Amino acid sequence: MKKRKERKWLALLVVVAMICVMLAGCGGKGNGAENENGGTSSASQESEEGESTKIKADEAAAVSEIMENPAEKIVIAVDDDTIVAGPFANSSGVRNLTVYTLWGTLAYRPYIGAMLEDGGLELVMAKSITKEDDTTYDVEIYDNITDSLGNSIKASDIVFSLDKLSELGYITYINTYYESGEVVGDYEFKIHLKSGEEGAIEQVLVNGTICSQEWYEGASDDEIQADPATTGPYKVTNFQTGSGMTLEARDYWKTNDDDKSVVEYQNVKQIVIKSITEPSMRSVALENSEVDLAEINAIDLERFESNSEYHVTKYANAMNDYMIFNTSDDSVCSDVKVRQAVAYAFDTWTLLLANGHDQGELHHDVCPNATPDYVDDWDEDPYYEMDVEKAKELLKEAGYTEGELKIRILKNASAPNGPYESLQAMLISAGIDAEINQYDRSLFLTYMQDNTMWDITIYSEQVLDFTTTYWSALFSEKNYEHGTQGFTEDAELQKLLAAACADRSEENMNAFHDYYTEQCYMIGLYNETKSIVTQSGIKSLCLVRGDIVPQATVFDSGYASVE
Amino acid sequence: MSEENKKKELLEVKNLNVRYKSGQATVYAVNGISLELEKGQTLGLVGETGAGKTTIAKSILRILPDYAIETLEGEIYYEGKDILKLSDKELQNLRGHEISMIFQDPMTALNPVKTVSSQIAEGYRKHHGCPRAEANRKAVEMLEMVGIPGERADEYPHQFSGGMKQRVVIAMAMACSPKLLIADEPTTALDVTIQAQVLDLIKNVKEEIGTAMLLITHDLGVVAEVCDKVCVIYAGRIVESGSKEDIFDKPSHPYTRGLFAALPDLDKDVERLTPIEGLLPDPTVREDGCAFRSRCPHACHACREFDNELRELAPGHYTRCWRGLQDRED
Amino acid sequence: MIRYVVKRLVILIPTLLVVAIIMFTLMDFVPGDPAVIALGSGNHTQEEIELKRESMGLNKPYITRLGEYLGNLIFHFDFGTSIVDGTQIKTAISDRFPNTLKIALGSILVTIIVGLPLGVRTAVRANTWEDKISLFITLLLDCMPSFWVGLLLVLLFALKLGWLPSSGVGGLKYFVLPVIANSLGGLAGFTRQTRASMLEVIRSDLVTTARSKGLSEREVIYGHALPNALIPIITIVGMRFGQMLGGATIIEVIFSIPGLGPYLVNGIGSQDYTVVTGGIIFIAFSFAIIMLLTDLVYAFVDPRIKAQYVARNRKGGRKDE
Amino acid sequence: MSRVENVGAEKEVGKEKKHGGHGKMGRHGGRGHKKSSESLKPGSLAYIWHSISHNKGAVMGMVLIVLIVLLSILSPYLCRWGYAELDVLNAKSGPSLTHLLGCDELGRDLLSRVLYGARYTLYIGLAGTALSVVIGVTLGAIAGYFGGLVDSCVMRFLDVFQAFPQLILAMAFCAVFGSGLNNCVAALGLTGIAGFARLMRANILRIRDMEYIEASVSINCPTRKIITGHIIPNAVSPIIVEIAMSISRNGLASSSLSFLGLGVRPPYPEWGAMLAGARNYIRDCPHMVIVPGVFIVICVLSFNLIGDALRDALDPKLKK
């Protein structure tokens, strides 16, 4: 008898809303068609297939050409939510992007292999640097350096900053090479190094971020982190923890354009940093024109490449992945046959694909072919290509039946799963029982130095100047408590390494390369090609060693930021 | 029913049938009830628990739980209009204003989270659309009328005793001086001393406002004191109806007699009371013939063919048992 | 009443102290040496680590460190500094908590605005098709993981329709999608609970009395039935709000909102134990406050409970949970 | 002879007379021999089973669960592809003849992974719930029955426990003990304890004051027997309902854990991990998200339907 209420359509409305949410979400592929024009190569300046992404020397475009169209603002999406602006901090996604924008250093390295002697380094605060002996350098700095609050920067501030950095321990290079600083005059001081190693002075000159001592000691913790007196060309406004910050060009003390290093340009008034950690959200933000520039995964790339409103810039990832074998007695990989069996059991290109990329460069040495002393014909000789039969044979020789050998793979939780899962699948199909032990970032680093916790792991390192320095970072016993990064105690290895470091002759380089590759202590894997997508108004990006220099971006005349 | 007292009649229930659905079974709660009530008159519905008395009361106000109702048939005329055909709006105007109800258990009848005065004022405002202040004044006035000091008007139900709560319920029911008051066993949940006070209160208020009353009880003492007419209900049917004198002096239906036999009587010196054997029949089973035959001492095969028609023993005095006639003769 | 609130606050202190002590001790037994973590990646010589331990005061005995920590915590609400980047935890939390609070408040409002009427309607129309359909739909929403819902909402409202920004923080319109994604999840549970407690009250005598007074169906249900069914509903609201103050981690990660969730996740990821300890103590503190507020709302809604609080004080007995 | 029949076995327990041997339940009048649920003792397993089997939703739920479990056990034999077998050529391909439900980003067959993966998600749901039930119920029973100091200590402990959001507590646990199947189960189990303990305690308090407990205490029946014999069986009905809900909640929570990289370690194809892993491909290869998503929804829905049916069976007043 109760009169039936007429609100039947309420439930219907909810059902309809649900369906269209589903369709919209999953129809992405379907109705994204209107801007899909069959994947023909777009007008944007796309690096052709196969052109090696080797960066010999970035000819920084002439200053005038860059400053042609200064822009008001650029909005950059970054894949890292630790927003840091203080003078001294660990390296992170945001830090690498903004360290030279906010903080002045003595010098800047514009390309891999740029050294002090051959004048490769661009001087920033340093006016002149003279070498007295292997471990002491006399540095004269400009006398008109000021920070964003107007405090003048003297030699004492620089020594204070370097001492502070070595005390806090955030930059390992400073700790390993910087001994002490000695103030000689108002604008002159001496740097004493712990060792005269090649590249040591460059590390201190390039990584020492400078700030005014008076300001630092007077400022509160919050001011230091969120509203610092910056010595670089930009200052910080609107700092939001964990979400982003805005960098504004300040009246910079160096006025003469010719002396300016590429990091000292002020080609855009405001740089807005927005932290968007979710990859799919970055591509949505780009498509929804909420940001001007974002790093995009290969899977989402296709919809931008075929769209004329966007430019895709491809570059080789600065971090090079390589596989380390734990050769200590606590691991099955102490037997060379086991190491070789594992090496032959997997295919590196599959690992690259599994990492979600479709372009990249396979390595024939732990170090990429990007350094002056790299021997090109290494790339021709065979390098552990996948050969399951050979792997099984080696396993038999090592005395293991099918599936008996158990390998523990150590994985960093924040590394993508793809490569490890495919590596595991390939090892299993080759009769090696592989297990992935995944730990959080810092626990992973702690366990990497513990030879009882793993058998193989994949790590990555950045090459800065020479293959020999890269090699010594991995193999030299000086850097590790026992043996190399893979706990290898091998006198012959150290001898060959020392020889190669002393004299970079091809013969020495080949000797070391052949020895460690044959012993299969470590094998180089790949560095994938990353891609940055920008709106069409941006003509070209200044990319140095895999890091963008935002202040030197080149804009088109018709450029206007999304915000 | 003769013509002339038609118009005097306040309430007329014709052939009311109510069936509940419980799980897969159907419960035949009320099977063809017909009764009349004149203005100012008091009709008593007497019967055991589960005979369908409360269902009758609730169907008059149409506040039966509709999720459980299977069928609700028949007509209930109130001042000529059939309540079962009323629209929601008209029904709401009727409830509390023309017809109001008092419930059995005062402990759960009142809303524990609202003040006593607001619960009374709410009904009054609904029907008289007057400002809040006036409604509150009326509420305090009603409370004093039922013997509750005015200053306790803003207290909450949990601060009152059972008896006091029932007084509040009465005040709430009588706020709009209804023409018909339905009282569903108002005193059962109270202890004996309070019962008498509440009954007197109901009688006084009723006379003062001239309200007709349908009193539902299983206590024959209460019926004797308050009611003018009586209907005895058994298994959802009226088995005997008539004036108070008819029923008390000349009970004819075996069930009515059984009820009186179960009553302790001061002047009779009886060793043991004679209760009625057994329990009410299963309401989910429709049986032919007289429903009481399974418990009736005089039951015989004739009862099974009994056509369940009411027989008139005397003007206004009816019984639903063929045997009843004979008692009058001998 | 005030005496009751004060009493509950006083009881709060020992509970939080227990939480602080548990977390502080727990973090001592966790693998990884804080000094090494503070020095960051790369390998360090032994005396460097020793120097760092000294500067962080890790060599002091456990008791003095605990005493210092609790001292700072109680007297000036100082949670210490983060091991990894040395930032003040107090400022980090005070920067991030407003975002988490906005999402939590928004989600609770949406849950109540949508869940309550839906719960009441399904209770009033129990076992009709409308009841079954809305329960099914809310169940469906409940089953979909929040990051999936979040992504779908962004694709529809931000990208296709362009009404709302897709991620990040800013004005209120940045919080619309995260709040919807966060509240859809809990809707089924809330609606079901409202329905259950409403069903109980709808069949009680007080509703029949209200109806017999001639009130309209709406006045009976919302005026009389709902106030009596509120107690279990308020418990659910309080519990969920307290949980959400811990940060809707998934939603905050998807929408890149700097709330407490990602802060704690990164803290755990980089073994930044002071951050984790400080964060969890703060969440425990806010949760306890919410529980107290819920109890107060009980008193506001139900006079019998208020009477119980006041009476309880005079007799000095313990309020029964 | 009059037949005694109690209409609707509301609250009284076992009031009606039983005729003859155990097998033959109370006989009913003229309404044929169908055994109505009223005739069984409320709370007995037969009663619960009987009323569930009449609830269409619950039957559907149970059928689905059994189907999924069966398919999961048989999947290694049914599907052509192993759950970890790589078919790099058609990675990310949509549903096709060779791969009925398509492939994931590494080219592994989704059908076999989803079917094989069912055991992990169900294991997490069941084991996690079992852990919280065992610890939670005992804690609740102890707190509820003994009251006083024990009660307030347990309650304070639960307050502390409940303060931590489930995800954060699970993460802290996984961070300390490493991620992986059993740690994931332990983490989810621990976080569920507070809910069960509170529920159990509330029931115990309600039952403790009932007459039949005082009766058994008066005939000095040992406390242990009272708890196991009287209190727990009667307090168990809301717990059963909560169990069903908790299983589905845990199954779902494992996907959030995997989202943060703490769930099941590869290569085990747990649904939550698959869903979390495929989230970046939602726009271009939606099938990779839909397949595990649909299975999770089916599983969680079925458990909820069963839970609802259980609630209606055990809590009659909510039935109508």
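This is a predicted model: local features need pLDDT of at least 70, side-chain atom pairs count only at pLDDT 80 or more; totals for chains, interfaces and linings use all residues.
Between domain 2 of chain A and domain 3 of chain A, about 780 Å² of area is buried, and carbon and sulfur atoms give 51% of that area. Chain A is assigned domain 1 (51–83 + 232–309 + 537–555), domain 2 (107–217) and domain 3 (319–529). Chain B is divided into domain 1 (3–98 + 182–329) and domain 2 (109–175).

**Where domains 2 and 3 of chain A meet**

- The centres of domain 2 of chain A and domain 3 of chain A, taken over C-alpha atoms, are separated by 35 Å.
- Domain 2 of chain A brings 9 residues to the contact, and domain 3 of chain A brings 9 residues.
- There are 2 salt bridges between domain 2 of chain A and domain 3 of chain A.
- A salt bridge joins the side chains of A:Arg109 and A:Asp465, at 3.8 Å from N to O.
- Between domain 2 of chain A and domain 3 of chain A, 1 residue pair is in polar contact, with both residues at pLDDT 80 or more.

**A sheet in chain A**

- Chain A has an open sheet of 4 strands in the order 4-5-7-6, with antiparallel pairing.
- Strand 4 (126–133) and strand 6 (178–185) of chain A are at the edges with a single partner strand each, so one side of each has no neighbour in the sheet.
- On average, neighbouring strands of this sheet are turned by 20° against each other, direction ignored.
- Strand 5 (residues 136–141) and strand 7 (residues 188–193) of chain A form an antiparallel pair over 5 bridges, and A:Asp138 stands opposite A:Lys190 in strand 7 of chain A.
- Helix 5 (residues 155–168) of chain A packs on the sheet and touches strand 5, strand 6 and strand 7 of chain A, with its direction at about 170° to that of strand 6 of chain A.
- Helix 7 (residues 200–207) of chain A also packs on the sheet, where it touches strand 4, strand 5, strand 6 and strand 7 of chain A; the direction of this helix makes about 130° with that of strand 7 of chain A.

**Where the two domains of chain B meet**

- The centres of domain 1 of chain B and domain 2 of chain B, taken over C-alpha atoms, are 30 Å apart.
- Their contact takes 16 residues from domain 1 of chain B and 12 residues from domain 2 of chain B.
- About 1100 Å² is buried between domain 1 of chain B and domain 2 of chain B, with 69% given by carbon and sulfur atoms.
- Of the area that domain 1 of chain B buries against domain 2 of chain B, B:His97, B:Leu201 and B:Val205 supply 36%, more than any other three residues.
- The interface of domain 1 of chain B and domain 2 of chain B has 0 salt bridges, while 3 residue pairs are in polar contact, both residues at pLDDT 80 or more.
- On the side of domain 1 of chain B that touches domain 2 of chain B, helix 2 (88–94) and helix 7 (192–209) of chain B each supply at least two residues. Helix 7 of chain B gives the most to that side, with 8 residues.

**A sheet in chain B**

- Chain B has an open sheet of 8 strands in the order 6-7-8-3-9-10-12-11, with mixed pairing.
- Strand 6 (99–102) and strand 11 (311–314) of chain B stand at its edges.
- Strand 9 (residues 229–234) and strand 10 (residues 237–243) of chain B pair in the antiparallel sense over 6 bridges.

How values were computed: Residues are numbered from 1 along each chain as its sequence is written. Chains are lettered from A and ligands numbered from 1 in the order in which they are written. Side-chain values use heavy atoms; hydrogens and water are left out. Two strands pair if DSSP finds at least two bridges between them. Domain bounds come from an automatic or database domain assignment. Contact means heavy atoms within 4.5 Å. Buried area is the accessible area (1.4 Å probe) that two parts lose on being put together, summed over both. A salt bridge is a side-chain nitrogen of Lys or Arg within 4 Å of a carboxyl oxygen of Asp or Glu. A polar contact is a pair of N or O atoms within 3.5 Å; within protein, one must be able to donate a hydrogen and the other to accept it, and residues adjacent in sequence count only if both atoms are side-chain atoms. Axes are lines fitted to C-alpha atoms, for helices over the stretch in contact, and angles run from 0 to 180 degrees between N-to-C directions.
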